[in-house]
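Open your viewer and get ready to click along. We will go from one selection to the next and look at what is there.

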Amino acid sequence: MTQDDVTQAAPELIRAWPGTPYPLGATYDGTGTNFSLFSEVAERVELCLIDDDGSEQRVELEEVDYHIWHCYLFGVTPGQRYGFRVHGPYEPENGLRCDPSKLLLDPYGKAFDGSFDGHPSLHSYDLDNPDERNTDDSLGHTMTTVVINPYFDWGNDRAPGHEYHNTVIYEAHVKGMTATHPDIPAEMRGTYAGMSHPAIIDYLTELGVTAIELMPVHQFMHDQPLIDKGLRNYWGYNSFGFLAPHNEYAFSRQPGDAVSEFKAMVKAFHEANIEVILDVVYNHTAEGNHLGPTIGFRGIDNQAYYRLVEGDKQFYMDYTGTGNTLNVRHPHSLQLIMDSLRYWILDMHVDGFRFDLASSLARGLHEVDRLSSFFDLVQQDPVVSQVKLIAEPWDVGEGGYQVGNFPPLWTEWNGQFRDTVRDFWRGEPATLGEFASRLTGSSDLYEATGRRPTASINFVTAHDGFTLNDLVTYNEKHNEANGEDNNDGESHNRSWNCGVEGPTDDPEILALRRRQKRNLLTTLILSQGTPMIAHGDEIARTQHGNNNVYCQDNETSWMNWDLDEEQEDLLAFTRELVQLRKNHPVFRRRRFFGTPVRGEEDPQDIAWFAPDGSEMTSKDWDSGFGKSLAVYLNGEGIREPDERGQRIIDDSFLMLFNAHHEPIDFSLLGPEYAEAWEIVLDTTRPAGDHNGDLPSDGTLVVAGRGTAVLRKLR
């Protein structure tokens, strides 16, 4: 079909009522559906209803109010597939790319059906000659938007509402968590239904996590270059449907069923007192750069939805490394993001968001502006401002690294925590002072802005990079399977293989790796702030040295649930750690150490010691070779009250960290601090294997690269 064919309106088969401009998208009310689309540059807009045989019926949208084209169709019900054709100027040099030969997806679509098949018609130019137009019709080669049933029985669903200081986040992938689980029926693996299966929920409950952070579940596209290599966009950071759950994760393949299945998953997690946080990608879309396909935004209103290069508008600003950047300076792009957030909260009942490359949302002209319009809108929004808002506080543009600089309402992935903790345990010099700061909530990053320790989302590993097991097994990335000659992925990983690259049978190296995994988990979970565990770290999941599995939708990235004895022990150890944190508020303070309480004199709440028992001096902190220290947490010195305003009194603990390669004798401080201690955790021992009581006038030998946590008995 050619451009001339599609510009001739088909005979009107359905009578359209005027409808309303708001809400945008397709809204079913029980008797019919209202359709609404924003485009400031459109000259004509056709709504295309797609039949089961792939044919289309076109409805001319004649009602236009403030650049919103709309109609109401009586009798159009859930399951109806549709798209739009937008007629208007095609002038790439001026940033205008309207193309009615392409069936365009609804930016407000709540469900999508089908797939993209890579056909040349998806592009508005000739692939062999980019200067020539391609007016072939994309119908049949692109996805379609689906009218959904908005009604769902939520019953007595209630948001768990965990405060940050009581929160333990578990980052997970819907398919990766469930693809091989033996207790989940085979047909349910890799789906929302599989994710909410009792086998997964019981596992997370026993682990002690309070929130699951799902990697992208907004509808996304598989990049054609990956498909050509036999790979897929496994991670999903290639969204185009900001209001739609990804259709491939639906157990049912009926159009629109992903919505109800996602809701059922959230309801099941809430029943287990687990919050659901979504990793969202509002910084770019799947249409890519000027050579990308035309599937929606580009053909609807290119310059409204995308940041274009000033002076050469055929090109896109790229602060994300993906080809384009969403234009959050435009009111309708901002509205799309805010409407999407509210929809996921109010209609889908999610409990928060982690914003991918969040610095790109803060950009004014070029610099990152923490007072940008997006943050202003979030701050005053009565819905969005009340859920968990987590920033990945960087992008790839100049000045994009913004750890510590987001507004007070926000928490942040603390990249400095990750880097410092990795460096400390691999023996890098001059990290003692920064290690202490990260351990106590990173007050240097967050206190000045009025935030609390919980603003720091602490993590050692995440989906992007090595797993915990691989962090102590590989010095170098091994990404050959990605088909990019090992050039992709981060090269500076702050990892240490403990002496041998990759798998080994050497018992000493294996024992050291076991200690290092426990050391890193102990530091993560017992630090002040909000800990985040990357899925599978608690069972030593490996990616065989691949630190960029974004395209590996296979056993490389999936959880392997066939655990050996060592993995079972690490799982038990992690459960002990999370339970220790849960049982003792001294490890999850709401305020920074040393915060005064008006009108009261409180005992010292924290003290730092060298291994010989002397209090740390400036010389000790500045020592470039210092790799060991002790910290005393006073359970009677907690200054903040509990939720009912009562004083919190907890046990006191002595934490002994030895990142030196040799054992060190630690003084137990004497009767001024305790008469006796109990070892509650030792990273050299299996889970549950602890010594008895220790007198305080003695010493404890902490193994090279080991950690011990002692509880005051009396």
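Here is a short tour of a helix, a sheet and some salt bridges.

This is a predicted model, where local features need pLDDT of at least 70, side-chain atom pairs count only at pLDDT 80 or more, and totals for chains, interfaces and linings use all residues. Residues are numbered from 1 along each chain as its sequence is written, and side-chain values use heavy atoms, leaving out hydrogens and water.

Stop 1: Now click Leu 47, which stands opposite Val 59 in strand 4.

**Stop 2: a salt bridge.** Show the side chains of Asp 113 and Arg 81, which meet in a salt bridge at 2.7 Å, N to O. The term means a side-chain nitrogen of Lys or Arg within 4 Å of a carboxyl oxygen of Asp or Glu. Asp 113 is in strand 10 and Arg 81 in strand 7, 32 residues apart.

**Stop 3: a helix.** Select residues 297–305, helix 7: eight of its nine residues are buried. Buried means under 20% relative accessible area, exposed over 50%, and partly exposed in between (1.4 Å probe, protein chains only). Among the buried ones are Phe 297 and Tyr 305.

Conventions
Helix = DSSP H or I, 4+ residues; strand = E, 2+ residues; numbered from the N terminus. Pairing = 2+ DSSP bridges.
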